[in-house]
Amino acid sequence: MDSPNPPDAARLHDAFRALSDDLSTEIVGQSALIERLLIALLADGHLLVEGAPGLAKTTAIRALAARLEADFARVQFTPDLLPADLTGTEVWRPQDGRFEFLPGPIFHPVLLADEINRAPAKVQSALLEAMGERQVTVGRHTYPLPQLFLVMATQNPIEQEGTFPLPEAQLDRFLMYVRIGYPEAAAETEILRLVRERARQTLHSVTKAVTRMPLADVFAAREAVLDLHVAPALERYLIELVLASRDARRYDADLARRIAWGASPRGSIALERCARARAWLAGRDYVTPEDVRAIAPDVLRHRVLPSYEATAEGWDGERLVQTLLDKVPLP
């Protein structure tokens with residue numbers, strides 16, 4: 001039987017615009033976070049969101065998952081969490097005389113790893129194979145993950161006790177590392193109104209209907225994103241940003257000594273795919289330098305590592321990336 005015709009571009013754009021508008025009614029004052037969530041979905045990558053408590057990090061990820069035709073699992077990371085709590089484990093069935101594998105929450109298409117930095121490295125590393133290779137190995141067997149597989153993780157930056165910073169190799173698996181701040185006064189007023197409305201709906205047992213996007217539309221949109229035009233000059237600029245993170249001496253000797261490690265080719269791939277997704281969400285069929293510059297801090301801040309000297313001087317990955325953006329000339 002012939003496969004159905006792919007969804008037309010206009011309808012896909014309308015569907016994602018409606019999804020963004022719908023999320024904006026529930027997640028107030030965090031438009032950048034909503035855009036990054038959709039970019040991660042379109043670019044087929046994982047997202048790490050950092051922000052103070054109460055900024056709707058978990059709510060935003062749950063809201064996106066609720067609007068996709070995909071199963072969702074949330075895992076609260078804690079110091080006593082075990083790798084098997086994520087991956088699943090083999091259970092002995094005496095009536096059958098064999099072991100049976102019981103899949104863990106990592107086998108859900110959308111996985112929320114809440115407060116990921118509260119679990120030790122052994123648990124965090126249980127995500128590495130899944131995020132990098134879309135498979136999980138338990139014992140002697142390797143199990144494939146769903147075609148749609150997104151890890152959306154949150155972490156709290158204000159507490160140090162009882163937390164375990166993510167290793168650099170783990171951070172590099174995340175397509176973007178997004179930092180969010182407090183909403184403006186007008187947005188906070190709207191949050192109060194929204195909370196009151198939800199409280200009334202709860203009292204009256206009113207359930208809001210949510211439209212769920214078919215996964216076929218997600219995969220079709222991903223294909224459309226890959227078809228966007230990237231000019232050769234813009235591609236060279238994108239690559240030059242990443243190369244400059246590895247060897248900044250051509251632009252600034254002081255900057256070079258402040259960078260211990262630059263971004264790997266995974267950074268180039270992530271930067272290009274995210275810039276494409278941002279351009280597609282804006283309704284364009286081509287990528288602009290502004291797309292690259294707007295998304296670069298979220299893509300590179302966790303991949304460009306400061307030296308000990310730079311850290312002592314108050315530099316972090318974000319400041320290094322911003323300096324690179326200032327130094328590398330536009331195409």
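Predicted model: local features only at pLDDT ≥ 70, side-chain atom pairs only at ≥ 80, totals over all residues.

Biologist: Fine. How many helices and strands does the chain have?

Modeller: There are 15 helices and eleven strands.

Biologist: And what is the radius of gyration?

Modeller: The chain has 21 Å. A compact globule with 331 residues would come out near 20 Å, so the value agrees with that rule. The C-alpha atoms fill a box of roughly 70 × 50 × 45 Å along the principal axes.

Biologist: What share of the residues is buried?

Modeller: Of the 331 residues, 46% count as buried. The accessible surface is about 16700 Å², and carbon and sulfur atoms hold 53% of that.

Biologist: What about contacts between residues 24 or more positions apart?

Modeller: Such pairs make up 76% of the contacts, counting those with a separation of 6 or more.

Biologist: Now the open sheet. In what order do its strands run?

Modeller: The order is E2-E5-E8-E1-E9, five strands with parallel pairing. E2 (72-76) and E9 (176-179) are the edge strands, each pairing on one side only. On average, neighbouring strands are turned by 15 degrees against each other, direction ignored.

Biologist: Remind me, what holds strands of a sheet together?

Modeller: Strands pair through backbone hydrogen bonds, either parallel or antiparallel.

Biologist: Start at E2. Which of its side chains are buried?

Modeller: Ala 73 and Val 75, which point to one face.

Biologist: How many bridges link E2 and E5?

Modeller: Five, in the parallel sense. One to look at: Val 75 has Ala 113 in E5 as its bridge partner.

Biologist: And the other edge? How many bridges join E1 to E9?

Modeller: Four, and the two strands run parallel. E1 covers residues 47-50. Leu 48 stands opposite Tyr 177 in E9.

Biologist: Let's stay in E9. Is Val 178 buried or exposed?

Modeller: Val 178, which sits in strand E9, is buried because its relative accessible area is 3%, and the cut-off for buried is under 20%.

Biologist: What does Val 178 touch?

Modeller: Leaving out residues up to four places away in sequence, Val 178 touches Arg 36, Leu 47, Leu 48, Val 49, Glu 50, Asp 298 and Arg 301. Val 178 and Ile 295 are 117 residues apart in sequence, yet their C-alpha atoms are 9.9 Å apart.

Biologist: Switching to helices. Which residues of H3 are buried?

Modeller: H3 spans residues 57-66, and its buried residues are Lys 57, Ala 60, Ile 61, Ala 63, Leu 64 and Ala 65.

Biologist: What do the buried residues of H3 pack against?

Modeller: Helices H1 and H2 (31-43), plus strands E1, E2, E5 (110-114) and E8 (150-155).

Biologist: You mentioned H1. Is His 13 buried or exposed?

Modeller: His 13 belongs to helix H1, residues 9-26. His 13 is buried because its relative accessible area is 17%, and buried means under 20%. Beyond its neighbours within four places in sequence, His 13 is in contact with Trp 280 and Gly 283.

Biologist: Last one. At what angle do H13 and H15 cross?

Modeller: Roughly 145 degrees, with the axes coming within 9 Å. H13 is residues 289-300 and H15 is residues 317-327. The crossing is right-handed.

Biologist: Which residues meet there?

Modeller: From H13, Arg 293, Ala 296, Pro 297 and Leu 300. They meet Val 321, Leu 325 and Asp 326 in H15.

Key. Residues numbered from 1 in each chain as written. Heavy atoms only, no water. Pairing = 2+ DSSP bridges. Axes fitted to C-alpha atoms, helices over the stretch in contact; angles between N-to-C directions. Rg over C-alpha atoms; globule rule 2.2 N^0.38 Å. Buried < 20%, exposed > 50% of the residue type's maximum accessible area, 1.4 Å probe, protein only. Contact = heavy atoms within 4.5 Å. Areas by Shrake-Rupley, 256 points an atom, 1.4 Å probe, with all protein chains shown as cover. Left-handed = near helix turned anticlockwise from the far one by under 90°.
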